[in-house]
Amino acid sequence: PVKVVSNIRLANAAPVAPALTATPTASKVLVDGQNVAFDAYNIAGNNYFKLRDLAYVVDGSVKQFSVSWDGANNAIALKSGEGYTVVGGEMATKGTAAVTPKATTSRITKNGSLIALKAYNIGGNNYFKLRDIGEAFDFDVSWNNDVKTIMIDTASTYTAD
C-alpha cells in the first residue's frame, strides 16, 4: 500500500499562481454617448483597454491626455490636458481568441510623477484597467447591466462603483 499525503508544501517549493486569461470583451462601449468598437479584454472580472486607444478616443475632450514611450528607460509618460499624437495602429483589432496576458513591467508616470496602474501586455500592446484610467484622468466609467454596456463619460468626474 502507498500512503498519500496532501496539503503539504515543501520548504523550498513556491506556490504556483494560476495563469491569467484575457478574454475579448463582448460588451458594447459608449464614449460620450457614441458607440465605439474597442479592442479590449476582460481579465479577472475587469475590463482592460489599450492605453493609446483610450487616449485617441478622448482626444479633444476636457479629459484628453497624451501618451509617450521611452524605450531606453522602459517608461510610459502620460500627461493630462495634452492632445494625443497618433502613432498608428490605434483602434486596430488584434483578434477574438482568449490569450495569456503578461504583467507590464514598464514604469508609468503621470505629469512627471510615478504612478501605479494595473496593466498587461498583450500582443505587444499595453492594456490598462479601464477604471484605473478613468480615475487617473477623472472621467466617469459606469456599467449598464440592462443593456450590457460600458459607458465612458468625459463630461463627468470619476466615481467608484
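Tutor: The buried residues of α1 are covered by elements that include β5 (46-50), β6 (65-70), β7 (75-80), β12 (125-129), α2 (130-137) and β14 (149-153), where contact means heavy atoms within 4.5 Å, and where helices (H or I, at least four residues) and strands (E, at least two) are DSSP runs, numbered from the N terminus. This is a predicted model, in which local features need pLDDT of at least 70 and side-chain atom pairs count only at pLDDT 80 or more, while totals for chains, interfaces and linings use all residues. Residues are numbered from 1 along each chain as its sequence is written, and side-chain values use heavy atoms, with hydrogens and water left out.

In helix α1 itself (residues 51-58), the buried residues are L51, D53, L54, A55 and V58; buried means under 20% relative accessible area, exposed over 50%, and partly exposed in between (1.4 Å probe, protein chains only). An α-helix has 3.6 residues a turn, so residues three or four places apart point the same way. Just after α1, G60 takes a positive phi of about 95 degrees.

Turning to the rings, a search of the whole structure finds 4 aromatic pairs, counting rings of Phe, Tyr and Trp (its six-membered ring) whose centres lie within 6.5 Å, with planes under 30 degrees apart called stacked, over 60 edge-to-face and the rest tilted. One of them joins F38 and F49 edge-to-face, 4.8 Å centre to centre with 75 degrees between the planes. F38 lies in the loop between β3 (34-35) and β4 (40-43), and F49 in strand β5, 11 residues apart. F38 counts as buried at 12% relative accessibility, and F49 is buried at 0%.
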